[in-house]
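Let's take a friendly walk through a protein model. Have the sequence and the 3D view ready as you read.

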Amino acid sequence: MNAKLKTFAEYKTEAHTWITLAGGEYYPDILHDACTLYEPVLVMFGKILRSSESSIRVLQEIGQVPEGWMRIQLSRVFRKYVSPETPVEMLKRKNQIQEICERFGKNFRAINQVQRAFDSRPIPDEALCALLWEYKDRGKKGYDLTSRFFEVFRKNFPDFIIAGPEGAGRDIPLGEIFTNYPNPRRPVDFIIQHQAKTVAIGLARYDSDRGGSQEDDRVGGYINCAKEILRYADKHSLKTKIIFLNDGPGLLLGSMWDDYAAIESIRKNRVVVTTLRMVNERITKQWLLS
């Protein structure tokens, strides 16, 4: 990093002025739209429930629903009523339904209890619709952050190429960027190239409100990722930089700011942590090509 540039740690005294806040939605304003969107889901769940002889059959029938969005919403309703301990990510995959039944089926709530609980709620159930609404835009703030970073970067550096998903989309596996990369499925959010050479690798995250073990896991994961990329770069005599684009009020919680600042110490001049507001100061052509 250029000696004239501040480190991420040096921004801490005015940290709140260097983060960007994404907008949100007010409660109960969302209830009308939430009920409109999810009432058909609850109606279909009720039909499946009434025609099933067991809770396992309910899940199997959900797995037969051909439309992906509806199947995922039904799976979320199933989790709330029948099996709150089943991981959400497993329920999203219909090819894992048999495995879910084998591993978690014995703890499924009995079908008659599920029916009783379901019948005790109105259609649409405002409380459940509001919970499902929370899933709807999950990840959107991160997508918006990445998209705005791409816009700023392209304006600042028209002679560089930045590539990656500018919204919901597939991350870039490093095995597609580097030959014989030891962890070819390692996903990154963007790459920056100059004259056909990859000069920087980037990961982006909007931290709305996190802390505790999730905070530790995130930073630990970033550190492992940075060390892995740097080991590969050193072995192949590459000067690849690593950019951690992080933003949001979560950075102000607990030890987050200090933890992210520590990531830069892994390798000075090669790793940068930046918020969107710092990009003009911290990401320079001189640094990218050094």
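## The sheet

In what order do the five strands of the open sheet lie? This is a predicted model, and its five strands follow the order E1-E4-E5-E6-E7, with mixed pairing. Strand E1 (161-163) and strand E7 (271-274) stand at the edges with a single partner strand each, so one side of each has no neighbour in the sheet. From one strand to the next, the twist averages 20°.

Now look at strand E5 (residues 197-206) and strand E6 (residues 241-247): they run parallel and are joined by seven bridges. Arg 205, for example, has Asn 246 in E6 as its bridge partner. Helix H10 (residues 256-264) lies across E6 and E7, and runs at about 155° to E7.

## The largest pocket

The largest pocket holds about 1,400 Å³ of space. Its lining has 39 residues, and Asp 137, Arg 138, Gly 139, Lys 140 and Lys 141 lie nearest the centre. By type, the lining divides into 14 nonpolar, nine polar and 16 charged residues.

Several elements each supply at least two lining residues, among them helix H7 (126-136), strand E3 (187-188) and helix H9 (212-235). The largest share, six residues, comes from H8.

## The second largest pocket

The second largest pocket has a volume of about 360 Å³. It is lined by 17 residues, of which Lys 197, Thr 198, Val 199, Leu 238 and Lys 239 are the closest to its centre. Two or more lining residues come from E5 and from helix H12 (285-289), and E5 gives the most, with three. This lining divides into seven nonpolar, seven polar and three charged residues.

How values were computed
Residues numbered from 1 in each chain as written. Predicted model: local features only at pLDDT ≥ 70, side-chain atom pairs only at ≥ 80, totals over all residues. Heavy atoms only, no water. Pairing = 2+ DSSP bridges. Helix = DSSP H or I, 4+ residues; strand = E, 2+ residues; numbered from the N terminus. Axes fitted to C-alpha atoms, helices over the stretch in contact; angles between N-to-C directions. Contact = heavy atoms within 4.5 Å. 1 Å grid on protein atoms, 1.4 Å probe; cavity = no way out; pocket = protein on both sides within 12 Å on 5 of 7 lines; lining within 4 Å. Points joined across faces, edges and corners; volume = space filled by probe spheres on them. Nonpolar A, V, L, I, M, F, W, Y, C, P; charged D, E, K, R; others polar.
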